[in-house]
Amino acid sequence: MDANGILQIVVFVALICLLTPVIGGYMTRVYDGRITALRWLERPLYRLCGTTDTEDQHWTRYAGTLLLFTLAGALLLYALQRVQGLLPFNPAGLGAVAPDLAFNTAASFATNTNWQSYGGETTLSYLTQMAGLTVQNFVSAASGMAVAVALIRGFARRSASGIGNFTVDLTRSVLYVLLPLCVVGALALVALGVPQTLAPYAEATTLEGAKQTIALGPVASQMMIKHLGTNGGGFFNVNAAHPFENPNALTNLIHMTAIFLIGAGLTNTFGRMVGDMRQGWALFASMGILFLIGVAVAYGAESAGNPALTAIGADQALSPWQPGGAMEGKEVRFGIAASMLFSVVTTAASCGAVVAMHDSLMPLAGMVPLVNMMLGEVIIGGVGAGLYGMMLFVLLAVFIAGLMVGRTPEYVGKKIEAREITLAMLAVLAFPACILGLGATALLLGAGSLQDAGPHGLSELLYAYVSATANNGSAFAGFGANTVLHNTLLGLAMLIGRFAVIVPVLAIAGALAARRPVPVSAGTFPTHSGLFITLLTLVVVIIGGLTFFPVLALGPLAEHLSLAAGLLF
Amino acid sequence: MLSLLRPALVLTGVMTVVTGLAYPLAVTGLAETLFPRQAGGSLVHDNGTVIGSDLIGQTFTRPGYFQGRPSAAGTGYDAANSSGSNLGPSSRPLVDAVAERVNTLRAANPDAPAQVPVDLVTASASGLDPHITPAAALWQVPRIARERRLPAPALRDLIHEMTEGRDLGLLGEPRVNVLRLNRALDARWPLSS
C-alpha cells in the first residue's frame with residue numbers, strides 16, 4: 001500500500017459522495033414525472049403499449065408486464081445469436097452460436113448478470129453485440145431501476161392500490177437517465193482512446209515483421225452502458241482489462257464512477273421520495289462501511305505480493321519505478337490500487353466487469369469479491385437491485401430491533417407485518433439455496449471444468465455459482481464454464497437469483513403501498529441513527545457470514561493458509 | 001394476458017431500435033467525426049502500412065528491442081483473442097512458468113540485477129498489455145546497451161523521457177509504452193548502423 005494508492009481510493013469515494021445527491025435528486029424528478037422534455041416521444045409509445053402515464057398498476061400487473069417483457073427480450077437475443085451468420089454487421093464472418101451457449105447468454109443478459117461463457121471477439125457479430133447485448137444492457141438495468149422505484153413507492157404512498165406503471169418507469173429510466181448519460185460518457189471514452197467503429201478487424205505488420213490481427217468494433221457505446229447499468233458483459237473476452245475497453249486510468253475512473261452512480265443515487269432518491277433524506281444517507285453509510293472494509297482487505301492482500309514468486313526471483317517490492325505487488329493477471333497502467341478498487345466496486349455493485357483477472361488474485365483478495373456477492377450485492381449493488389436487496393435486510397433489521405424491544409416493527413412510517421417478513425425471508429433464502437444447491441450439484445457432476453487443483457479449484461466453481469446467482473457476471477475465468485452442464489445450471493442460477501427476489505419485492509411493495517402510515521412517536525426506533533446503521537450492517541454480515549463461512553473456509557481461507565505455509569497445488 | 005403481452009412486445013421492438021441501433025450508430029457517427037483516430041483504434045502507421053496500435057502490445061523477441069510482458073492471448077499478443085492466464089496464486093503451473101521466465105531473462109540479461117521486476121515475469125490481464133513499468137524497462141538497459149553499442153545513461157534518459165506519468169498526476173501508475181519506446185529507439189539509433 002502506498003500514499004498515492006490510498007489517495008486514489010479517497011478521490012473515488014469523495015466523487016461518489018458528491019454525485020449521489022445530484023443524480024438522486026434528478027431521478028426523483030424523473031420518476032415523479034416532472035421531467036417532460038421527451039413527452040412527445042413518450043405519449044405515442046404508451047398509446048402503442050395500450051397504457052397511459054396516469055395508469056397505476058397493482059403489483060401483480062406490474063410484475064406480469066416485467067416478466068413478459070424480460071421473456072420477450074431473452075427470446076429475441078437467443079434468436080439473434082442463432083442466426084447471426086445470416087445477418088449484416090458481421091465483418092468477421094462469425095457463425096451461429098451453439099444452443100446451450102446462446103441460452104446461457106440470453107439468460108445472462110436478460111437478468112442483468114452478463115456472465116460471459118462466450119469470448120466476445122471470437123463468438124459474437126457486431127449486430128449481436130449492438131441489437132442484442134446492448135439492448136438488454138439498457139432494459140435489464142431499467143427493469144431493476146423500475147422495481148426499486150416501485151418498492152420506494154410502496155413505502156412512500158398511503159393507502160394506495162398501485163405501485164406505478166412498469167411501461168412508464170422503464171421508458172423513463174432509459175430515455176431520461178441511461179441514454180443521455182451513455183451518449184455523453186461514450187463520447188468521452190472515445191476521446192480518451194476507446195474505439196467506436198463498424199470497420200473490420202485491422203491487419204497490422206509489427207515492428208518485428210509478424211502479422212497481428214487487431215479486433216475492433218463499436219466498443220465505447222457498449223462500455224458506457226455496461227458499466228452505468230451494472231451489466232458488465234465485455235465487448236472483448238478479457239472485459240475491461242482490454243486496452244481498448246479501458247485504455248488508461250482516467251477511463252478506469254469513468255467506468256468505476258458509472259458503476260456506482262445510479263445505485264448510490266437511488267439511496268438518495270429513496271430518502272427524497274419517503275420525505276426524509278436522512279433515511280437515504282443511513283443506507284448509503286451502511287453500504288459505505290462494508291465497501292471500505294472490502295477495499296482495505298483486497299488492496300492490502302495484493303500489495304503484499306505472492307510469497308511463492310518472491311522466492312523464485314520476482315521483485316514485488318514497491319519502489320519509485322514500480323508499484324510492485326502481485327501482478328499476475330493485472331495491467332501495468334492500473335497497478336495494484338486502481339485494479340483492486342475496481343475489483344471491489346464491480347462486485348459490490350452487480351457489475352461484473354473486470355480490469356484484473358480475479359482468478360489470479362491472492363486468496364484473501366479474491367475472497368472479497370466472493371463475499372461482496374454472497375452478501376447479496378447490497379453494497380451499492382446493481383442498479384435498482386442493490387436498493388431493493390438492501391431493503392430486504394432493512395426489513396429484517398427493524399424486525400429484529402422490534403423483537404428486542406417488544407414493539408411492532410416500523411420503517412419510514414409503515415408498520416412491517418408478518419407477510420413482509422415472510423416474503424423478505426423467502427427472497428433472502430433463495431440466495432444460499434441456489435448457490436449452495438446448484439453449486440453442490442455442479443461440483444458432483446462437472447468437476448472436470450476446474451482448472452486449478454487444491455482449494456483454489458473449489459473457489460473457482462463457487463465463484464461461478466455465486467456470481468451467476470447474484471447476477472454479477474464476473475468469473476474466476478480459468479473455470480471452464482462453457483459446457484452444456486454449466487451453461488444450463490448457471491443459466492438457471494441467474495434466472496432464480498433475479499426473479500426469486502424481484503417477485504417477492506414487488507409483492508412487498510404492493511402490501512406496503514396499501515397500508516396507512518403510522519405517526520412517529522417517542523417509541524419509534526429512529527432508522528437514521530448510528531445505532532440503526534450499525535445494526536443493519538451487522539445483520540447483512542451475520543446472515544451472509546453464517547450461511548457461507550463453511551464453504552469460504554474450504555476455499556479461499558484454506559488456500560491462504562496453504563500458501564503461507566509454502567504449499568502449492 | 002394479451003394486455004400484458006402488448007407492452008412487452010412493443011417495448012422490446014422500440015427499445016431494440018432506440019438502444020440497439022440508433023444509440024450505437026449515432027455514437028459511431030459522432031465518434032468518427034469528432035475523434036477519428038481514437039474511434040478507429042489508435043492505429044500506428046509507418047510509410048502507409050499499419051504497424052500496430054498505440055494501445056495494444058505486440059511481441060518483441062529480438063535482443064535489441066525492449067521486451068513486453070508475458071502474454072496469454074493466443075500464442076502471445078493475439079489481438080483477436082484476448083486472455084489472461086487465470087492461474088490461481090497457489091498454482092504450481094503458475095510458479096513453474098514464472099521460474100522459467102526468470103531463468104530465461106537472467107540468461108539473456110547477465111548484467112542485470114538478479115531480482116527481476118514482477119511485471120516482466122507475470123502474464124497481464126488482457127494478454128495485450130502495451131506497457132511495462134519503468135523498473136522493467138530500466139532492468140533491460142544493460143542488454144540493449146550491449147546490443148546497440150550505446151552508453152547506458154543515454155538509454156536511461158530515453159526511458160525517463162518516454163515514461164508516462166499517472167493520469168492527472170494521480171490515477172493509475174507510471175508506465176512505458178513498449179512499442180513507442182522501441183520506435184523511438186529505432187528512430188534515434190537504428191539497429192543496422
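Is R146(B) buried, exposed or partly exposed? At 40% relative accessibility, R146(B) counts as partly exposed, where buried means under 20% relative accessible area, exposed over 50%, and partly exposed in between (1.4 Å probe, protein chains only). The notes below concern a predicted model, in which local features need pLDDT of at least 70, side-chain atom pairs count only at pLDDT 80 or more, and totals for chains, interfaces and linings use all residues. Residues are numbered from 1 along each chain as its sequence is written, chains are lettered from A and ligands numbered from 1 in the order in which they are written, and side-chain values use heavy atoms, with hydrogens and water left out.

1. Salt bridges in chain B. The side chain of R146(B) meets that of E147(B) in a salt bridge, at 3.7 Å from N to O, the term standing for a side-chain nitrogen of Lys or Arg within 4 Å of a carboxyl oxygen of Asp or Glu. E147(B) is itself partly exposed, at 34% relative accessibility. A further salt bridge links E173(B) with R166(B), whose closest N and O atoms are 3.0 Å apart; here E173(B) is buried, with a relative accessible area of 4%, whereas R166(B) is partly exposed at 25%. Salt bridges with shared partners also join R37(B), D54(B), E164(B), D167(B), R175(B) and R180(B) into one network.

2. A salt bridge in chain A. Over all chains the structure holds 27 salt bridges, and one of them pairs the side chains of E417(A) and R515(A) at 3.8 Å, N to O. E417(A) lies in the loop between β5 (414-415) and α15 of chain A, and R515(A) in the loop between α17 (484-513) and α18, so the pair ties together parts that are 98 residues apart in sequence. Helices (H or I, at least four residues) and strands (E, at least two) are DSSP runs, numbered from the N terminus. Of the two partners, E417(A) is partly exposed at 35% relative accessibility, while R515(A) is buried, with a relative accessible area of 16%.

3. Helix α13 of chain A. This helix (residues 363-374) has twelve residues and reaches 16 Å from its first C-alpha to its last, close to the 16 Å expected at 1.5 Å a residue, the expected span being 1.5 Å times one less than the number of residues. Ten of the twelve residues of α13(A) are buried, so the helix is largely enclosed by the rest of the structure; among them are P363(A), G366(A), P369(A), N372(A) and M373(A). The buried residues pack against α10 (277-303), α12 (335-348), α15 (418-445), α16 (455-469) and α18 (530-564) of chain A. After α13(A) comes G376(A), whose phi is positive, near 95 degrees.

4. S467(A). This residue is found in helix α16 of chain A and is buried, at 0% relative accessibility. Leaving aside neighbours within four places in sequence, S467(A) is in contact (heavy atoms within 4.5 Å) with T113(A), W115(A), M373(A), N472(A), G473(A) and S474(A). M373(A) is one of the buried residues of α13(A).

5. A125(B). The place of A125(B) is in the loop between β3 (116-117) and β4 (131-132) of chain B, where A125(B) is buried at 0% relative accessibility. Not counting residues up to four places away in sequence, A125(B) touches V238(A), A241(A), G329(A), K330(A), E331(A), V355(A), A356(A), M357(A), S83(B) and G84(B). A125(B) and I159(B), which are 34 residues apart in sequence, are 24 Å apart in space, C-alpha to C-alpha.

6. Cysteines. The structure holds zero disulfides over all chains, a disulfide being a pair of cysteine sulfur atoms within 2.5 Å. For C17(A), the nearest cysteine sulfur, that of C351(A), is 20 Å away, and for C182(A) the nearest, again that of C351(A), is 12 Å away. C17(A) is partly exposed, with a relative accessible area of 34%, whereas C182(A) is buried at 0%.

7. A nonpolar surface patch. M1(A), I6(A), L7(A) and V10(A) form a nonpolar patch on the surface, with about 360 Å² of accessible area together. Patches are made of residues with over 30% relative accessible area and no salt bridge, like charges being joined within 9 Å and nonpolar side chains (Val, Leu, Ile, Met, Phe, Trp, Tyr) within 5 Å; accessible areas come from the Shrake-Rupley method with a 1.4 Å probe, and for residues only the protein chains shown count as cover. V10(A) is found in helix α1 (residues 3-31) of chain A and is partly exposed, with a relative accessible area of 47%.
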